[in-house]
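The sequence and the structure are shown first.

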Amino acid sequence: MVRRLRDLLIVAAAACVGSGFAEAASLKRGRILAEQNCGPCHAVGKTGASRNPKSPPFRTLAQRYPVDELQEALAEGITVGHEGVEMPEFSFSADQVEDLVAYIDSLNPKKKKR
């Protein structure tokens with residue numbers, strides 16, 4: 001009985017560690033996508049100003065919009081302008097959208113960090 005309980009705890013711990021690695025990998029991929037595609041105009045990190053002052057920093061997006069609603073816009077090819085500046089049209093895969101939205105959501109200062 002004790003051995004079985006120990007084995008179950010080991011499996012549960014491994015699953016938690018594995019999901020933590022998967023989440024970290026998703027956030028890293030999302031950060032890279034943000035830097036490559038959005039960084040020329042937006043501040044995509046936890047600090048700093050946007051290169052284009054009319055492009056909001058990513059860390060403020062969760063305060064302006066429900067981040068989950070960005071998934072559909074990103075998947076369909078987001079076409080938004082920032083006061084006279086037309087944003088390029090992007091096309092992301094479903095996995096890329098998930099990674100990018102997870103990264104944007106991770107920047108939300110009001111979200112509780114684990």
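A residue is called buried when its relative accessible area is under 20%, exposed when that value is over 50%, and partly exposed in between. Asp99, with a relative accessible area of 6%, is therefore buried. The model examined here is a predicted one.

**Overall architecture**

The protein chain contains four helices and two strands. Along the sequence these elements follow the pattern α-α-α-β-β-α. Of the 114 residues in the protein chain, 31% are buried. The accessible surface comes to about 8,000 Å², and carbon and sulfur atoms account for 57% of that area. Among contacts in the protein chain with a separation of 6 or more, 53% are between residues 24 or more positions apart.

In soluble globular proteins, nonpolar side chains tend to be buried together. The largest nonpolar core in this model has 17 residues, and those that touch the most other members are Phe58, Leu74, Phe92, Leu100 and Ile104. Two or more residues are given to this core by each of helix H1 (2-38), helix H3 (70-76) and helix H4 (94-106). Helix H4 supplies the largest share, five residues.

Phe58 illustrates how this core is connected to other parts of the chain. Beyond its neighbours within four places in sequence, Phe58 is in contact with Ala34, Cys38, His42, Ala43, Val44, Leu100, Ile104 and Leu107. Two of these partners, Leu100 and Ile104, are also listed with Phe58 among the core residues that touch the most other members.

Helix H4 has 13 residues and spans 18 Å from its first C-alpha to its last, close to the 18 Å expected at 1.5 Å a residue. Its buried residues are Val97, Asp99, Leu100, Val101, Tyr103, Ile104 and Ser106. This list includes a charged residue, Asp99, which takes part in one of the salt bridges described next.

**Salt bridges**

How many salt bridges does the model contain? The count comes to two.

| Asp99 | Arg29 | 2.7 Å |

Asp99 pairs with Arg29. Because Asp99 lies in helix H4 and Arg29 in helix H1, this pair ties together parts that are 70 residues apart in sequence. Asp99 is buried, with a relative accessible area of 6%, whereas Arg29 is partly exposed at 42%.

The other pair lies within a single helix: Arg31 and Glu35 are four residues apart in helix H1 and are thus separated by about one helical turn. An α-helix has 3.6 residues a turn, so residues three or four places apart point the same way. Both partners are partly exposed, Arg31 at 30% relative accessibility and Glu35 at 38%.

A disulfide is a covalent bond between the sulfur atoms of two cysteines. A search of the whole structure finds zero disulfides. Cys38 is buried, with a relative accessible area of 10%, and is one of the contacts of Phe58. Cys41 is partly exposed, at 29% relative accessibility.

Glu35, in helix H1, has contacts with Pro40 and Val44 once neighbours within four places in sequence are set aside. Val44 is also in contact with Phe58. Gly45 lies in the loop between H1 and helix H2 (61-64). The C-alpha atoms of Glu35 and Gly45 are separated by 8.6 Å, the two residues being ten apart along the chain.

Is Gly45 buried or partly exposed? At 23% relative accessibility, Gly45 counts as partly exposed. Apart from neighbours within four places in sequence, Gly45 is in contact with Arg59, Tyr103 and Leu107. Of these, Tyr103 is one of the buried residues of H4, and Leu107 is also a contact of Phe58.

Note on methods
Residues are numbered from 1 along each chain as its sequence is written. This is a predicted model: local features need pLDDT of at least 70, side-chain atom pairs count only at pLDDT 80 or more; totals for chains, interfaces and linings use all residues. Side-chain values use heavy atoms; hydrogens and water are left out. A nonpolar core is a set of buried Ala, Val, Leu, Ile, Met, Phe, Trp, Tyr and Cys residues joined through side-chain atoms within 4.5 Å. Buried means under 20% relative accessible area, exposed over 50%, partly exposed in between (1.4 Å probe, protein chains only). Contact means heavy atoms within 4.5 Å. A disulfide is a pair of cysteine sulfur atoms within 2.5 Å. A salt bridge is a side-chain nitrogen of Lys or Arg within 4 Å of a carboxyl oxygen of Asp or Glu. Accessible areas come from the Shrake-Rupley method with a 1.4 Å probe; for residues, only the protein chains shown count as cover. The expected span of a helix is 1.5 Å times one less than its number of residues.
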